[in-house]
Amino acid sequence: PQIRSMETARPSTNSYQVVRETWLTRKPGSSAFAVAATSTLALALGSLAFLSGVWGLDELMPASFESAVQHRELWRLWTTLFAHGDLGHLVSNTLLFFILGYFLNGYFGATVFPALAFVFGGITNLVVLPTYGDEMDLIGASGVVYWMGGVWLVLYFFLSRQKNFTQRWLRSLGVAILIFMPSQ
């Protein structure tokens with residue numbers, strides 16, 4: 001339910017509604033921090049295993065168009081989310097991954113994060129891989145972080161009804177610039 005409570009008043013001939021509470025006006029769920037932290041820890045541990053080459057994961061985790069699509073190793077679309085090129089790459093992904101994970105889980109539950117985020121992370125990789133060269137590997141969680149940022153912005157824009165259209169649009173635009181501005 002988007003609107004939890006509202007008052008209706010009828011001054012003269014016009015009627016209006018005062019929105020008291022939406023999904024985004026309440027506090028995030030109590031388990032949001034633990035879910036975001038655990039998911040971020042799993043991302044970091046997977047990346048550290050990839051970087052150290054333990055169990056040959058450095059060969060098994062990356063995705064290329066050739067390996068994932070042509071050789072039908074579709075699991076690589078998801079394992080590559082846990083592989084990062086170096087610690088700087090890992091830190092840049094985990095910062096927004098944790099923050100967006102906290103908000104998505106806190107306001108919309110485990111279905112949106114981590115479940116749908118993980119599913120759509122692999123689907124995003126499937127969409128992106130054909131733009132890479134045959135021998136080029138795709139690694140990292142940037143695709144899922146961008147998906148999470150996009151989902152958050154869309155949900156914020158449409159659900160934050162206590163703000164007017166211009167306020168929602170300007171806030172969404174500002175956050176979009178921060179999230180999606182290329183860093184390199």
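1. Eight helices and two strands make up the protein chain. Helices are DSSP runs of H or I with at least four residues, strands are E runs of at least two, and both are numbered from the N terminus. The model is predicted: local features need pLDDT of at least 70, side-chain atom pairs count only at pLDDT 80 or more, and totals for chains, interfaces and linings use all residues. Residues are numbered from 1 along each chain as its sequence is written, and side-chain values use heavy atoms, with hydrogens and water left out.

2. The order along the sequence is β-β-α-α-α-α-α-α-α-α.

3. Of the 184 residues in the protein chain, 34% are buried (under 20% relative accessible area, 1.4 Å probe, protein chains only). The chain exposes about 10800 Å² (Shrake-Rupley method, 1.4 Å probe). Carbon and sulfur atoms supply 64% of that area.

4. Contacts are heavy atoms within 4.5 Å. Among contacts with a separation of 6 or more in the protein chain, 66% join residues 24 or more positions apart.

5. Look at α6 (residues 111-128) against α7 (residues 142-159): the angle is about 125° and the axes lie 8 Å apart. Axes are lines fitted to C-alpha atoms over the stretch in contact, and angles run from 0 to 180 degrees between N-to-C directions.

6. From α6, Val112, Phe113, Leu116, Ala117, Phe120, Gly121 and Thr124 meet Gly143, Val144, Trp147, Met148 and Val151 of α7. The residues of this contact divide into nine nonpolar, three polar and no charged.

Terms used: Buried < 20%, exposed > 50% of the residue type's maximum accessible area, 1.4 Å probe, protein only. Nonpolar A, V, L, I, M, F, W, Y, C, P; charged D, E, K, R; others polar.
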